[in-house]
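Hi,

Here is the model I promised to pass on.

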Amino acid sequence: MDLFDMILQGLIWALEILAIVVPVALGVAYTTYAERRVIGWMQVRQGCNRVGPFGLLQPLADGLKLFLKETIIPTTANKFLFVAAPVMALMPALLAFAVVPFGETTLFGLWETAHVMSIANLNVGVLYVMAISSLSIYGILMAGWASNSKYALIGAIRSTSQMISYEISMGLSIVCVLILAGSLGLSDIVYAQQGGLGHWYFIPLFPMFIVFFIAGAAETNRSPFDLPEGEAELVAGFFVEYSGMWFATFSLAEYAAMILVSLMTSILFLGGWYPPFEFLDFIPGTVWLLAKTSFLIFVFIWFRATFPRYRYDQLMRLGWKVFLPWTLAWIAVIGICTYAGELSDSLSFLSDGIGFYQPWR
Amino acid sequence: MLETGFFYLFGGLAIFAALGVILSANTMHSVMWLILCFFNASGLFFLLDAEFLGIVLILIYVGAVMVLFMFVVMMLEVNQAAKREGWLRYLPIGGMIALILFGELVAASVSGLFGSETMAMASHMGAEVNNTVEIGKILYTEYLLGFEIAAIILLVALVGAIVLTLRERKDAKYQNISHQVNVRKEDRLTKVGM
């Protein structure tokens, strides 16, 4: 490989990264807009409609305002960690997008075979997403600790215990998907769901679909699990001392994580880029994936407009006493069904039924 | 060549971070250095094509174990001055342990047992060899017994930790959700004759 090839390769990588990061940033901006409009609609009021047509320029105005605001660092704060914390929160949220397959493309007929549209088609993609998204705890913990404020510290501690609790049921609900798909690669999981609505994994794994989505809401500190920033008792929780651009970085991370959870739910349970019916094939796969993701983001916003915040003991009860037994039981159900046919012939209808979803058999 | 460069990058950063762990005065900073050290160790696994081990190292050590470390360290109030005094008192025994360990490491590395001609060298397999699948195959066939024993030991530790720490407080109020949901109108309302 000579120097020119290396530079070219580097440019292609940079372009690939930009092609993910810029839409994610724009998506975050317009998710905040959609959130305000949708909640406004649900509460029978207008929402933002002043800046530009239908208020469409509002996110840009907000971004500009936050950018121009002064960043205040408390005198007793640990300066280095205080500044590093928002970056640590944003980094994992963006890094995880590296393995998300956005669809298949032949680049307008340029390639012979269809390639998966992801920066890295890792064969341990699911584990990568789990590992990277578990790192977002550090941003919150560091923000809470470095602020040297009681409210921020309590918010950080709440957030950490909440994320640890829900990560377990989230991981175990993914195990069910892995048993069915027989692969850790995200694109392989999507391929396993090919063939229309009946093949999607939310049908055999319906409880896991619900558990994954709700645990995702808890992982991203979304309402009704937004105890870390419970404004009634903690002012704003872990980012109470932050202002201006650093504050905006935290909300950027939160919304990017929300988009990621919606994408992962679509890929793991809702057939990824495949249309629900075969005759709808003429619409590109990426459109389907983004449509499913948008719907799930809408559901997140819907949650926020509908449910009151959980109390802390209720949150822990839901994570440990409801979700964890359900996921463990469902792993057992799927596992036993898979190998029931080998135990006796009278049970083979179970393994035949589950085998419909298992392309590796 | 690129691979060797990355090896020295990850290895050097890992050593640098490990030095940071023991040399930084602030325990919180030590934890952050340890996290960086784990990241570089996982980078070394990636260089060996062991992406499963690399990811699991991040998932378990960085994502779970270090969070609990940080959680505990954050709660501690460490007296910096008290930590510094008396280091001369512990120097002989600490230095002795360090010297013995150093001697052992040097002896092991010059003994020739770990030379490049005796160790199996990892060569890069093709993309069709999936090391997650290979690990799964060998773990659940050849090493099944050991795997199951490890799982049972972990389960015992888990149950033990719960048994040791579970205390039901008499004065605390617990919410019984099924009790609340199953309540009928007759349980709460009584008709009072006026």
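**What I found**

Of the 361 residues in chain A, 43% are buried (a residue is buried if 20 or more other C-beta atoms lie within 10 Å of its own, exposed if 12 or fewer, and partly exposed in between, with C-beta atoms placed from the backbone). Before the rest, some housekeeping. This is a predicted model, where local features need pLDDT of at least 70 and side-chain atom pairs count only at pLDDT 80 or more, while totals for chains, interfaces and linings use all residues. Residues are numbered from 1 along each chain as its sequence is written, and chains are lettered from A and ligands numbered from 1 in the order in which they are written.

**Chain A overall**

Chain A has 13 helices and 2 strands (DSSP runs numbered from the N terminus: helices are H or I with at least four residues, strands are E with at least two). Along the principal axes, the C-alpha atoms of chain A fill a box of roughly 70 × 55 × 50 Å. Of the chain A contacts with a separation of 6 or more, 74% are between residues 24 or more positions apart (contact means C-beta atoms, placed from the backbone, within 7 Å).

On confidence, chain A averages a pLDDT of 85, and 98% of the residues score at least 70 (pLDDT is the predictor's confidence in each residue, from 0 to 100). Within chain A, helix 8 (residues 206–219) has the highest mean, 90, and helix 9 (residues 231–234) the lowest, 72.

Leaving aside neighbours within four places in sequence, A:Ala256 contacts A:Val24, A:Val28, A:Ala93 and A:Leu94.

Do look at helix 5 (residues 136–146) of chain A: 11 of its 11 residues are buried, among them A:Tyr138, A:Ala143 and A:Trp145. The cover comes from both chains, including helices 3, 4, 6 and 10 of chain A and helices 2 and 3 of chain B. After helix 5 of chain A comes A:Asn148, with a positive phi near 55 degrees.

For contrast, A:Arg311 sits in the loop between helix 11 (285–306) and helix 12 (312–343) of chain A. A:Arg311 counts as exposed because it has 11 C-beta neighbours inside 10 Å.

Chain B has 9 helices and 0 strands, and 10% of its 194 residues count as buried. Its domain assignment (automatic or from a database) gives domain 1 (1–78) and domain 2 (130–166), with 24 Å between their centres, taken over C-alpha atoms.

Which residues make the contact? It takes 15 from chain B and 15 from chain A. On the side of chain B, the largest share, 11 residues, comes from helix 3 (residues 51–75). That side has 10 nonpolar, 4 polar and 1 charged residues (Ala, Val, Leu, Ile, Met, Phe, Trp, Tyr, Cys and Pro count as nonpolar, Asp, Glu, Lys and Arg as charged, the others, Gly among them, as polar).

Cheers

Note on methods
Contact = placed C-beta atoms within 7 Å.
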